[in-house]
Amino acid sequence: MRVLPAGEDALLVEVASGEEAQALHAELLRRRAEGSLRIGEIVPAARTVLLDGVSEPARVAAELSARDLPAVPPRAGGTVEIPVRYDGPDLAEVAAHWGVSPGEVARIHAGTEFRVAFCGFAPGFGYLTGLPPRYDVPRRPTPRTAVPAGSVALAGPYTGVYPRSSPGGWQLIGTTGLVLWDHTRVPAALLSPGTRVRFVPVATTGPAA
Amino acid sequence: MTDRALVVVRAGALTTVQDRGRPGYAHVGVPRSGALDGPAAALANRLAGNAPDAAVLETTLNGCSVRPRSTVTVAVAGAPCPVTVDGRPAAWGAPVRVRAGSVLDVGAATSGVRAYLAVAGGVAVEPVLGSRSTDLLSGLGPAPLTDGAVLPLGTPRRPPARVDAAPQPAPPDELVLRVTPGPRDDWFTPAAVRVLTSRTYRVSPASNRIGLRTTGPALERARRDELPSEGMVLGAVQVPPDGTPVVFLADHPTTGGYPVIAVVRPADLAAAAQAVPGTPVRFTAVRRR
């Protein structure tokens, strides 16, 4: 673990893997909840956790460097189920990358338990991990100018669902009618770091909602 | 409809509703947002008799015009600019009474970029996650003003400040940004860090609420591999592949994949909000306090 300074009152903690980042995130949330750590924002990412608004950065940095992380118990609470029609325009291309049929892509994807590793890009957009590394896919060489809201997509080791229409270079494998972000709802984001997710296939002709 | 409202007569190049932003949601991808020149927005609110977290209008370069439907007190702070009511000169940087139906014009900035118009009672659009700020990156909060739009106002709580003029810092002729190196200064050559903190950059016209873009010598990377996405702080000096630094402002993305060579002290970012394109920028290295 490396603790890097990020300005006056923030620390970027770098760890060896995405799993370790998720474990560190869970541990930091636990310490903040019990009151032993005062931090404004805790932002997990691919290999790091950012601690922003730290009241005593030097002390916190020393403490983090000195201690091993306990393994995270799986987060309590249910799994978010996302209904999906596997009808994306890039399904055949992803199938070719994986060396399987398009139907097999749906079976593998829907058979995986995902977890939100981190969020970013847009409010409510989660980077979901869970697929084995052999299913990594590259981004599209030319990003689309508009990816429809509800698109279920793959890039690198991640799966994501576009909360609203936006440009994007991920490979689109399906569509959901589920609303990922609604600022009038509490919480506004359906997915936050640590949330477990399953994709549930629905018939390609019916509504995915 | 209540008559406590503003009708937008001239929206200006980019006028947005801003308050102190929505911190605390970076982990779900929500930028902090909020007034870019926080002290100027707070001063405008103080002059108008508002609480510091009341929502104000942030204009860009050429101001805006509004017509209140009821008699209100307003105050303009930030970038110096001519203020008129029905074409007659009114005070900048002090409370001004505007009668119902009169047109208040916040003119083009004579220096600086962003003026702040506070109206007694505050702009009372519906808050999103506790803030009324327009967030241009993710589209949260009210859309930028358009001609003819109507903005509801809150109820004034206190009388306006009793001042004729309030001291305000002038927009910078040279923008000095104090930085502390890291977190990814080791992704650059030692020469790159020296270049950043010894050479002069200039504010690029491509700057916006997301980032202060610069032109100047490119910073050379020591590592060519791709940085996995990581959390970004306000004031982060991110270096995209073209090598010219971008200073992250209020609407910055919460995570990013380009290395951050240094971080600007947040106290220096109000001046960055007022630096016109072409302003020289010097990054000076300081030790962490």
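Reply: B:Pro183 lies in the loop between strand S12 (175–181) and helix H2 (190–198) of chain B. Helices (H or I, at least four residues) and strands (E, at least two) are DSSP runs, numbered from the N terminus. The peptide bond that joins B:Gly182 and B:Pro183 is cis, with omega about 5 degrees. Most peptide bonds are trans.

The model is predicted: local features need pLDDT of at least 70, side-chain atom pairs count only at pLDDT 80 or more, and totals for chains, interfaces and linings use all residues. Residues are numbered from 1 along each chain as its sequence is written, chains are lettered from A and ligands numbered from 1 in the order in which they are written, and side-chain values use heavy atoms, with hydrogens and water left out.

Most residues other than glycine have a negative phi. B:Leu129 is buried, with a relative accessible area of 18%; buried means under 20% relative accessible area, exposed over 50%, and partly exposed in between (1.4 Å probe, protein chains only).

The C-alpha atoms of chain B fill a box of roughly 60 × 40 × 35 Å, taken along the principal axes.
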